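Please read this briefing alongside the sequence and the 3D view.

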Amino acid sequence: MKPQYDLENIGSNFLIEGDFIKADPYSAGHINDTFAATYHHSGTHVRYIFQRINHEVFKDPVQLMENIKRVTEHQKNRLKQERIKDISRFSLTLLDSLEGVPHHRDTEGNFWRIYSFIENAQTFDIISSPQQAYQAARSFGTFQTMLLDLPGERLYETIPEFHNTAQRFQQLEHALAEDKCNRAKDCQKEIRFAEKNHKLVHVLLDMHMRGEISERITHNDTKLNNVLFDNFTGEGICVIDLDTVMPGLTLYDFGDLIRSSTSPSAEDEKDLSKVSVQINIFQALLAGYLETAGAFLNSVEKSNLVFSGKLIAFETFLRFLTDHINGDRYFKIHRTGQNLDRCRTQMKLVESIEQQEETMNHIVEKSILHYDF
Ligand code: ADP
Ligand code: GN1
Ligand code: MG
């Protein structure tokens, strides 16, 4: 992360009260740059999250911020209607700039936003219990439910065709045809795996085209570490990282939850024997999701919940492999080969789901009968 940003100056362009004390890098994600800034105000320290939006990835940060503003305001209205106390712990709160918009463009052309810091809460990169999976799934299911009636125009597509797996496959083919870094020779097993599973890429796209599943507002990046958990109760309180909230298929969100939280291993784990879908965690995830989103899912969506995990693990595999072949230009890396390691864990997840698909589908069928939607 570049240290040269003048974060005090960035902050001075927003409606923040108090005196700037410090700002430190605070990031786990692969795309944006995040900092925690501390201000002194009325005798106490108050923290904020500063984020530089990666405008190479998100081509129109102003539209993106309009989406986030609409989504968080709608969430807050719904929370108020439900008489939830302490609304600011359950939805992100954007600060306005001096110009009255939720972003600021610095002299170098970088786009910045600031959120109030939600204290006494944390994110997790690796799942630690079924209960945590249950909470994460409840958070995303509730998030989707709240957005079912978002008024106004269709949200902007902040990254067009984001979960178009067929297009992701073509991007891999393109990268391989160029093979700019001469890395394809070391990825033959992975390339064969991609080819063997090509049949997966059209399944949901075709269902959507046939009108069997519909577009809704989805988060599109439902990684475990995009939920804040309350430090004391362990409850999943706030869905964060809203850059990709846009029209999408519900199944992509559940699929990414399976991908990112059913194996108790790091996304770049080198020891693949540690990477596999844990059935008890999947069961908890499913329970949390069905309890909160089950009422609006149609039967095709319900019967493809397990498939969605396989598809998103495969899609993420394609994306990491493509980026490795392209020379690591999209996902941040902290060591050489990291994207290849990430790609291999995703491959292992696809295999792990395939091996347990029957059991997992059986669990879904039984759970659906259990709930009275
Ligand atoms: P990235 O795109 O880097 O994943 P996120 O929006 O997920 O960015 O934020 C990075 C980290 O910052 C999160 O994992 C979380 O720990 C922390 N974070 C983000 N927003 C807040 C907030 N409003 N309050 C407290 N912590 C936050
Ligand atoms: C990126 O920004 P972050 O780290 O939450 C990526 C997701 C991937 C994920 C894989 C905008 O998410 O799509 O699934 O990495 N975000 C974007 O870990 O591409
Ligand atoms: Mg994140």
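This is a predicted model: local features need pLDDT of at least 70, side-chain atom pairs count only at pLDDT 80 or more; totals for chains, interfaces and linings use all residues.

Residues are numbered from 1 along each chain as its sequence is written, chains are lettered from A and ligands numbered from 1 in the order in which they are written, and side-chain values use heavy atoms, with hydrogens and water left out.

**Domains**

- The protein chain is divided into domain 1 (7-119) and domain 2 (130-371); these bounds come from an automatic or database domain assignment.
- The centres of the two domains, taken over C-alpha atoms, are 26 Å apart.
- In domain 1, 28 residues are in contact with 34 residues of domain 2, where contact means heavy atoms within 4.5 Å.
- Between them the domains bury about 2700 Å², with 59% of it on carbon and sulfur atoms; buried area is the accessible area (1.4 Å probe) that two parts lose on being put together, summed over both.

**Ligand 1**

- Ligand 1 is surrounded by 17 residues, the closest being Gln 51, Ser 116, Ile 118, Asn 226 and Asp 241; a residue counts as near if one of its heavy atoms lies within 4 Å.
- The shell around ligand 1 takes at least three residues from each of domain 1 and domain 2.
- By class, the shell around ligand 1 has 7 nonpolar, 9 polar and 1 charged; Ala, Val, Leu, Ile, Met, Phe, Trp, Tyr, Cys and Pro count as nonpolar, Asp, Glu, Lys and Arg as charged, and the others, Gly among them, as polar.
- A backbone N or O atom of Ser 116 is 3.0 Å from a nitrogen atom of ligand 1, and a polar side-chain atom of Asn 226 is 3.1 Å from an oxygen atom of ligand 1.
- On its own, ligand 1 has 550 Å² of accessible area, and the protein covers 94% of it; such areas come from the Shrake-Rupley method with a 1.4 Å probe.

**Ligand 2**

- Around ligand 2 there are 15 residues, and the closest are Asp 221, Lys 223, Glu 267, Arg 319 and Tyr 330.
- The shell around ligand 2 also draws at least three residues from each of domain 1 and domain 2, and divides into 6 nonpolar, 3 polar and 6 charged.
- Polar side-chain atoms lie 2.8 Å (Asp 221) and 2.7 Å (Arg 319) from an oxygen atom of ligand 2.
- Taken alone, ligand 2 exposes 440 Å², of which the protein buries 97%.

Terms used:
A polar contact is a pair of N or O atoms within 3.5 Å; within protein, one must be able to donate a hydrogen and the other to accept it, and residues adjacent in sequence count only if both atoms are side-chain atoms.
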